[in-house]
Amino acid sequence: MNLVVGVGLRAGTSYRELRALVGEAVAEAGGGKVRILITVDGRESEPGLQRLAAYLGAELQTVAPAELKRQGVPSPSAEVERLAGTPSVAEAAVLSTGAELVIDKRKSAQATAAVGRLASAPGYAPGERHVVHRVLAERRDVRRGFVDRPIPDDVLMRVLESAHRAPSVGLSQPWDFLLIREVGTRRKIHDLASAQRDAFAASLPVERRKQFDGLKIEAILDTPLNIAVTCDAGRGGRHVLGRHADPRTTWFSAAIAIQNLWLAARAEGLGVGWVSFFKPGEVAAVLDLPAHIELVGYLCVGYVEEFAPTPELVRSGWASRRPLSWAVHHESWGRRGLPGAEPTSIAADAERAEQTTAQTIARAELPRQVVRVVIGGDPADYLARADTLVVQIGDQPAADFGVLWRPARDAAEGVETGVELVRDLMLQGATELVVQVVADSDVAEAVARGLRVGARACGIGLRDEPVELPHSSA
Ligand SMILES: Cc1cc2nc3c(=O)[nH]c(=O)nc-3n(C[C@H](O)[C@H](O)[C@H](O)COP(=O)(O)O)c2cc1C
């Protein structure tokens, strides 16, 4: 049985006393393996407690008084409250780990002990858990503010070790890390990124291009170290466990290694910027990679002045973060909501005007961005205009960034499709939609209806435009 032992103790309580108290408490609880020895913040430095943790082979954890106070304990004590600022230490500490108390708390002259049973292996202590969530929240893609400070080898080593610990399909570990410091090489890579930057800028509508001009998209020459993370799709040979049905898992594995690297770097105070303004083959050629090695990510790494609290694309108004409640579905696609909330369809959500997503997403002072949504029709007739997005609801079209395939199966799904599309476009900075329904079908009309409902809910302007057949003789 996995046990947690909570201990409240006065300063200087001896190891002998603690060992006897805890030994009896654990025996009364029926025995088991003590995984966690837990007490209030500050008492972890008590030598007796440290020795006891070592003797038990348990992790010594602490918890803040405020957290202890939140626990509803069976035997609160006014005396403990006076001394420790919480009515219980031992029992409350056990409960704070999610364990269930199994005996009444026991006392010795200087200490109290409570024993709890864990239904499963323990997680991290609250303080440590917090650090993990913190690094996830505070990781940033960094492109500016790099400082002239070399990266020590031991720091880089820790970062690469973390990357190399990533999960991988069949433990194939398909990644490699090519470290690039040579300025000459970085210049060539920089030229490739600049060319793609120009190509992307040229593809944008005028207003969006102005906005893009203010964005920095790489730090290839501003950082002392670039890392090309590659993937060998054949790593591990023929029978890699888990890869046979879905070869994409190889690339997923390499991408996860990058995320590990990114998080470890953040913890070390190193900024990382991922650059993808390349055709992967062009980079492979500059780096003279063997033909079977593919580029997954190109990273610019260095110390920075600061880590911004929010993504640069959010700060600049280019794009917004998608609310979690939009991304969580329960049991079947479209029943969305946060855990514990009643799932709802996005169409129903958008219909409830008082819960407008416009209130969820701050859209203050965004530059005007009109998107013309054409439902149905031949993309070739419409895509010459950079502001146009063609939504295809029938068979899958050829891949094109201007064409969105949304094969709604009936009118209800069509409405959902429309609402979702407005939400997506809003997150990418759209402030107005112009809608043209070219396809003559109930589903096409339903998508247009969804666009209207979604636009109202998102606080986006929408104008219907009559269909003008591009090559009509009229
Ligand atoms: C696969 C991938 C490619 C990216 N490519 C670029 C890029 O070429 N240029 C850039 O400025 N940011 C790039 N980014 C960074 C994203 O813009 C960034 O992750 C996003 O805006 C969220 O910001 P955050 O990472 O600071 O949370 C890329 C991110 C990923 C995951």
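Gly 450 touches Val 415, Gly 418, Val 419 and Val 422, not counting residues up to four places away in sequence; contact means heavy atoms within 4.5 Å. This is a predicted model, in which local features need pLDDT of at least 70 and side-chain atom pairs count only at pLDDT 80 or more, while totals for chains, interfaces and linings use all residues. Residues are numbered from 1 along each chain as its sequence is written, and side-chain values use heavy atoms, with hydrogens and water left out.

Gly 450 belongs to helix α18 (residues 442–458). Helices (H or I, at least four residues) and strands (E, at least two) are DSSP runs, numbered from the N terminus. With a relative accessible area of 0%, Gly 450 is buried; the term denotes under 20% relative accessible area, exposed denotes over 50%, and partly exposed lies in between (1.4 Å probe, protein chains only). The C-alpha atom of Gly 450 is separated by 55 Å from that of Ser 88, the two residues being 362 residues apart along the chain.

Two polar residues are also buried. Gln 61, in strand β3 (residues 59–63), counts as buried because its relative accessibility is 3%. Its side chain is joined to that of Glu 59 by a polar contact of 3.3 Å. A polar contact is a pair of N or O atoms within 3.5 Å; within protein, one must be able to donate a hydrogen and the other to accept it, and residues adjacent in sequence count only if both atoms are side-chain atoms. Beyond its neighbours within four places in sequence, Gln 61 is in contact with Ile 36, Leu 37, Ile 38, Thr 39, Thr 97, Gly 123, Tyr 124 and Ala 125.

Thr 223 lies in the loop between α9 and β8 (225–232) and is buried, at 2% relative accessibility. A polar atom of the Thr 223 side chain lies 2.8 Å from the backbone oxygen of Ala 219, and a polar contact of 3.1 Å joins the side chains of Thr 223 and Asn 226. Residues up to four places away in sequence aside, Thr 223 touches Phe 146, Arg 186, Cys 300, Val 301 and Gly 302.

The structure holds 7 aromatic pairs. Rings of Phe, Tyr and Trp (its six-membered ring) pair if their centres lie within 6.5 Å; planes under 30 degrees apart count as stacked, over 60 as edge-to-face and the rest as tilted. The table gives two of these pairs.

| Pair | Centre to centre | Angle between planes | Class |
|---|---|---|---|
| Tyr 15 and Tyr 55 | 6.5 Å | 75 degrees | edge-to-face |
| Phe 200 and Phe 212 | 5.1 Å | 80 degrees | edge-to-face |

Tyr 15 in helix α1 (residues 15–28) and Tyr 55 in helix α2 (residues 47–56) are 40 residues apart, and their pair links distant parts of the chain. Tyr 15 is buried, at 13% relative accessibility, whereas Tyr 55 is partly exposed, at 47%.

Phe 200 in helix α8 (residues 183–203) and Phe 212 in helix α9 (residues 206–213) are 12 residues apart. Phe 200 is partly exposed, at 33% relative accessibility, whereas Phe 212 is buried, with a relative accessible area of 1%. Phe 200 and Phe 212 form one aromatic cluster with Phe 277 and Trp 318.

The charged end of Arg 197 sits over the ring of Phe 212, 4.3 Å from its centre. A charge sits over a ring if NZ of Lys or CZ of Arg is within 6 Å of the ring centre and within 35 degrees of the ring normal. The charged end of Arg 139 likewise sits over the ring of Trp 262, 4.4 Å from its centre.
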